[in-house]
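Biologist: I have a protein model open and would like to learn how to read it. Could you walk me through it, feature by feature?

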Amino acid sequence: MDPELRAAIEKIHTPAGWVHLATIGPDGSPHVAPMMMGLRDGVLLFSLTGKQKKRNLERDPRATVSLAQAGTLAHVIAWGSIEMRHDGEAHRLWSEMIKNAFGDSGYVDRKRPLSLEGTSLGVMTVTRHRAYGIE
């Protein structure tokens, strides 16, 4: 991941903060929803639970994420593709993301297996980005 992108995200995003993730709907229109996002080893991580969003990603993995700093115009937009994962490593990364956001006690309340029918870990590889107004 571009170091500028990583630094920009780290400045304005908190582990429990929400971002807006857009996928491509069946008719080509955008489907946008608030999501949890994590940052790890050059990729962006998402906890995906919505059926429509997951169907969209199965059909077309392209996605856009937007995050902004409250009260300012500072923001980051990243474009890329998302792979949905349910393997053991994906579960470890998902668990780490949930613990970072909600702590160990919050993780206990949210703990679940990953599956295509339930929660998936979305792993986004960023192909381009824009950061604006971030010192």
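**Reading the fold and its residues**

Modeller: Let's start with contacts, meaning heavy atoms within 4.5 Å. Among contacts in the protein between residues at least 6 apart in sequence, 68% join residues at least 24 apart.

Biologist: Before we go on, what should I know about the model itself?

Modeller: This is a predicted model, in which local features need pLDDT of at least 70 and side-chain atom pairs count only at pLDDT 80 or more, while totals for chains, interfaces and linings use all residues. Residues are numbered from 1 along each chain as its sequence is written, and side-chain values use heavy atoms, with hydrogens and water left out.

Biologist: How many helices and strands does the protein have, and in what order do they run?

Modeller: Helices (H or I, at least four residues) and strands (E, at least two) are DSSP runs, numbered from the N terminus. Here there are 3 helices and 6 strands. Starting at the N terminus, the order is α-β-β-β-α-β-β-α-β.

Biologist: What does the radius of gyration say about this protein?

Modeller: The radius of gyration is taken over C-alpha atoms, and the globule rule is 2.2 Å times the number of residues to the power 0.38. For 135 residues, a compact globule would come out near 14 Å, and the protein agrees because its own value is 14 Å. The C-alpha trace spans about 40 × 40 × 25 Å along its principal axes.

Biologist: And how do I read burial? Is Ala 78 buried or exposed?

Modeller: Buried means under 20% relative accessible area, exposed over 50%, and partly exposed in between (1.4 Å probe, protein chains only). Of the 135 residues, 41% count as buried. Ala 78 sits in strand E5 (residues 75-85), and its relative accessible area is 1%, so Ala 78 is buried. Its contacts, leaving aside neighbours within four places in sequence, include Leu 44, Val 65 and Met 124. Ser 66 is 12 residues away in sequence from Ala 78, with 6.7 Å between their C-alpha atoms.

Biologist: What about the backbone angle phi?

Modeller: Most residues other than glycine have a negative phi. Asp 41, however, has a positive phi of about 45 degrees although it is not a glycine. Look for Asp 41 in the loop between E2 and strand E3 (43-48); at 66% relative accessibility, Asp 41 counts as exposed.

Biologist: Where is Arg 112, and what does it touch?

Modeller: Arg 112 is in the loop between H3 and strand E6 (120-132). Not counting residues up to four places away in sequence, Arg 112 touches Thr 49, His 91, Trp 94 and Thr 119. Its relative accessible area is 31%, so Arg 112 is partly exposed.

Biologist: Last one: how do I read a pocket?

Modeller: Rolling a probe the size of a water molecule over the atoms shows where empty space is left. On a 1 Å grid over the protein atoms alone, a pocket is an open set of points where a 1.4 Å probe fits, with protein on both sides within 12 Å along at least five of seven lines; lining residues have an atom within 4 Å of a point. The largest pocket is lined by 14 residues, and Pro 15, Met 37, Gly 38, Leu 39 and Asn 100 lie nearest its centre. Helix H1 (3-12), strand E2 (30-40) and helix H3 (88-110) each supply at least two residues of that lining.
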